[in-house]
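Here is a short report for someone meeting this structure for the first time. Please look over the sequence and the 3D view before reading on.

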Amino acid sequence: MGMFGQACIVVPEMDMVVAMTTADDKNIFCKILHQQVISPWKLQQQMEKVPCKDMQMWEVLHRKRMCMTLEGKHTSKGLRIPPVWKKYEFIPVQEVDGITEIALTFLEKEIIFAMKDGRGYHEVKAGLNCWIHGMTSMTGGYLHHQYEMDRIQISACAYWESEHTLMMEWRYPEMAFFDHV
């Protein structure tokens, strides 16, 4: 177990290593892993003498594995009001975090969130209704227990939560945090 409930689990009998890099202070991940993967596997091992049960158990495990993905997690809901302009720029007033500029650029299949602060220029490319994986220098240490890296991996998705509300989810695979913007 690591800081903020991150975990690395080794199960030699299953030839399996599982790592969790998100915050989980109640150990829910470990409980779900045991309940949904390890216990069914143990049951499958006990039923190995009954061939038809083997296939059923592997089908259950396959379905469970297919649920452990971000793909398809967020999609736009209903109608939305399309942006009038391709790019929107904002100058924050009385910004306490040192942010001096923010911009949103709308492309056909992605949205680029850009920000300028005391550390420099940062951007996140978010797929529209899909995930884009890349790198960013986005500031956010005050949101993430003061962790601040020059470059970090990011997976980002944008979707219309309602006709007037664009939501972005930013996931950091190397950290225990994610952001909703």
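Which face of strand β2 is covered, and which is uncovered? Met16, Val18 and Met20 make up the covered face. Val17 and Ala19 make up the uncovered one. Strand β2 spans residues 16–20. Strands here are DSSP runs of E with at least two residues, helices are runs of H or I with at least four, and both are numbered from the N terminus.

This is a predicted model, in which local features need pLDDT of at least 70, side-chain atom pairs count only at pLDDT 80 or more, and totals for chains, interfaces and linings use all residues. Residues are numbered from 1 along each chain as its sequence is written, and side-chain values use heavy atoms, with hydrogens and water left out.

Strand β1 covers residues 7–11 and pairs with β2 in the antiparallel sense. Five bridges link them. Strands count as paired if DSSP finds at least two bridges between them. Cys8 has Ala19 in β2 as its bridge partner. Cys8 is exposed, at a relative accessible area of 52%. For such labels, buried means under 20% relative accessible area, exposed means over 50%, and partly exposed lies in between (1.4 Å probe, protein chains only).

Four residues sit between the two strands of the hairpin. Asp15 belongs to this loop. Its phi is near 55°, a positive value in a residue other than glycine. Most residues other than glycine have a negative phi. Asp15 is exposed, with a relative accessible area of 74%.

Asn129 also has a positive phi, near 65°. Asn129 lies in the loop between β6 and β7. Asn129 is partly exposed, at 33%.

## Salt bridges

How many salt bridges does the structure hold? There are two. The term means a side-chain nitrogen of Lys or Arg within 4 Å of a carboxyl oxygen of Asp or Glu. In one, Lys87 and Glu89 meet at 3.6 Å, N to O. In the other, the closest N and O atoms of Arg171 and Glu169 are 2.5 Å apart. The table gives the accessibility of these residues.

| Residue | Relative accessible area | Class |
|---|---|---|
| Lys87 | 45% | partly exposed |
| Glu89 | 62% | exposed |
| Arg171 | 18% | buried |
| Glu169 | 0% | buried |

## The nonpolar cores

A nonpolar core is a set of buried Ala, Val, Leu, Ile, Met, Phe, Trp, Tyr and Cys residues joined through side-chain atoms within 4.5 Å. The largest has 22 residues. Ile111, Phe113, Ala158, Met168 and Trp170 have the most contacts inside it. Five strands, β4 (101–106), β5 (110–117), β6 (120–128), β8 (152–162) and β9 (165–171), each supply at least two residues of this core. The largest share is that of β8, with five residues. A second, separate core has 12 residues, including Phe29, Leu33, Val37 and Ile38.

Contact means heavy atoms within 4.5 Å. Leaving aside neighbours within four places in sequence, the contacts of Phe113 include Leu104, His122, Met168, Trp170 and Val181.

Is His122 buried or exposed? His122 is buried, with a relative accessible area of 3%. It lies in strand β6. A polar contact of 2.8 Å joins its side chain to that of Asp117. Such a contact is a pair of N or O atoms within 3.5 Å; within protein, one must be able to donate a hydrogen and the other to accept it, and residues adjacent in sequence count only if both atoms are side-chain atoms. Beyond four places in sequence, His122 is in contact with residues including Phe113, Met115, Ser137 and Thr139.

## Ile132 and the cysteines

Ile132 is found in strand β7. At 23% relative accessibility, Ile132 counts as partly exposed. Not counting residues up to four places away in sequence, Ile132 touches Glu110, Lys125 and Ile154, among others. Ile132 and Ala158 are 26 residues apart in sequence, and their C-alpha atoms are 9.6 Å apart in space.

The structure holds zero disulfides. A disulfide is a pair of cysteine sulfur atoms within 2.5 Å. Cys157 is buried, at 0% relative accessibility.
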